[in-house]
Amino acid sequence: MSTPAQEVVELVSSLIQFDTSNTGEPATTKGEEQCARWVAQQLEEVGYTCEYVESGGPGRGNVFARLEGADRSRGALMIHGHLDVVPAEAADWSVHPFSGAVADGYVWGRGAIDMKNMVGMMVAVARHFKRENIVPPRDLVFAFVADEEAGGKYGCKWLIENRPDLFEGITEAVGEVGGYSLTVPTRNGGERRLYLIETAEKGMLWMKLTARARAGHGSMIHPDNAVTILAEAVAKLGRHQFPLVLSPAVREFLAAVAEETGYDFDPQSPDLDGTVAKLGSISRIISATLRDTVNPTMLKAGYKANVIPATAEAVLDCRVLPGRQAAFEREVDEIIGPDVKREWVTELPSYETSFDGDLVAAMNSALLAVDPEARTVPYMLSAGTDAKHFARLGIRCFGFIPLRLPPELDFTALFHGVDERVHVDALTFGVEVLEHFLKNC
């Protein structure tokens, strides 16, 4: 009989072979139903009763399965993963992005990191528990959901608003993005593996800016050109640095790293960003959690070269720290001025919880059981996950996908990147930690 460690590589490879590319448009998003039904088949094969649910339209497949625990009076723990992935251009890759190739010690393909690695680990451990008649301390709900990569409108948002019964009794949840290792240099010249547990996320606010002015002929003088007005506002926002604000999760993370490395993360330092950069690729995330950020991503104006358009539009990706949205909006309004109007295209609030409690202790214990040199630390994710939706139901959420990563691996570049891949050893490590965690949660 196969163990989770023996099954997980094949499971992840098979999951990647389902092209579940989420374009953001329901008409062109595909594969979620087929992948969800395959997941249900893997669980039903060993005795689970699964519920398949379509959220927001045909083909948006979600699967839920519950394993009863020893103490039914306790709140249930949900382990969740999304089945959709961002699109990939095959010509840019070393292997086909939906091949699920296993080569050079890695499983390759779109979703290998984000997040079919965790989905594969969930299926492997769930199958193992059922086959071995393992009863967890409390109910476990395994949730496999659609549409996370487009904000969850046709996934978790729809589910919590239309099927709240699926989440009945759930008090805590684990999902992406956390539990992975960061190797840092120590004061004595050695190395230490820190495992980052996500306890907070920035708000995800996609903002549309619109400028309107008089249309006219391109050969004439137009001091109130809508394109110029908009472009100036976008450029100011794109170059603006918002104030430094250290949230509790960021402070705790920096304090832990300082203790291990001796680095000085003084908030008053003029080169705090430079010190954070010493952490390597993870600094892309950590630097982005020091302050609010705005990145222009889309521009739209005009229909002919010699016509001054009456309207110009831009979309900007805004990521806002917990507790900062009102101040952020005031600052944006001051920068763009009265001639540019703003509106939220997507508005998902920030989320944070504390780094304490029995569930955190169980994560720490599970990691130490497999890696005695581990140290768990909290951190904030600069991006967003389905936790934003689950938190609306009062569920306490953490990012916990246990992976022991090669120190030299540029992990953050793999998210939505070319040649996305997950190390085979990281997967086998992950299922061992996940099994220990779910037996003692």
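Lys300 is exposed, with a relative accessible area of 60%; exposed means over 50%, buried under 20% and partly exposed in between, with a 1.4 Å probe and protein chains only. The model is predicted, so local features need pLDDT of at least 70 and side-chain atom pairs count only at pLDDT 80 or more, while totals for chains, interfaces and linings use all residues. Residues are numbered from 1 along each chain as its sequence is written, and side-chain values use heavy atoms, with hydrogens and water left out.

Lys300 is part of strand S12 (residues 293–301). Strands (E, at least two residues) and helices (H or I, at least four) are DSSP runs, numbered from the N terminus. Apart from neighbours within four places in sequence, Lys300 is in contact with Ala312 and Glu313, contact being heavy atoms within 4.5 Å. Cys441 lies 141 residues from Lys300 along the chain, and their C-alpha atoms are 50 Å apart.

Now turn to helix H12. H12 has 16 residues and spans 23 Å from first C-alpha to last, close to the expected 22 Å; the expected span is 1.5 Å times one less than the number of residues. Its buried residues include Val424, Leu427, Phe429, Val433 and Phe437.

How do H1 and H12 cross? The axes of helix H1 (residues 4–16) and helix H12 (residues 424–439) come within 9 Å and cross at roughly 125°. Axes are lines fitted to C-alpha atoms, for helices over the stretch in contact, and angles run from 0 to 180 degrees between N-to-C directions. H1 is therefore oblique to H12, since angles under 35 degrees count as roughly parallel, over 145 as roughly antiparallel, 65 to 115 as roughly perpendicular and the rest as oblique. On the H1 side, Pro4, Ala5, Val8, Val9 and Val12 meet Val424, Leu427, Thr428, Val431 and Glu435 of H12. By class, the residues of this contact are 8 nonpolar, 1 polar and 1 charged. Ala, Val, Leu, Ile, Met, Phe, Trp, Tyr, Cys and Pro count as nonpolar, Asp, Glu, Lys and Arg as charged, and the others, Gly among them, as polar.

Helix H10 (residues 358–370) also packs with H12, at an angle of about 135° with the axes 8 Å apart. That angle makes H10 oblique to H12. Residues of H10 including Leu359, Met363, Ala366 and Val370 meet Phe429, Glu432, Val433, His436 and Phe437 in H12. The contact of H10 with H12 has 10 nonpolar, 2 polar and 1 charged residues.
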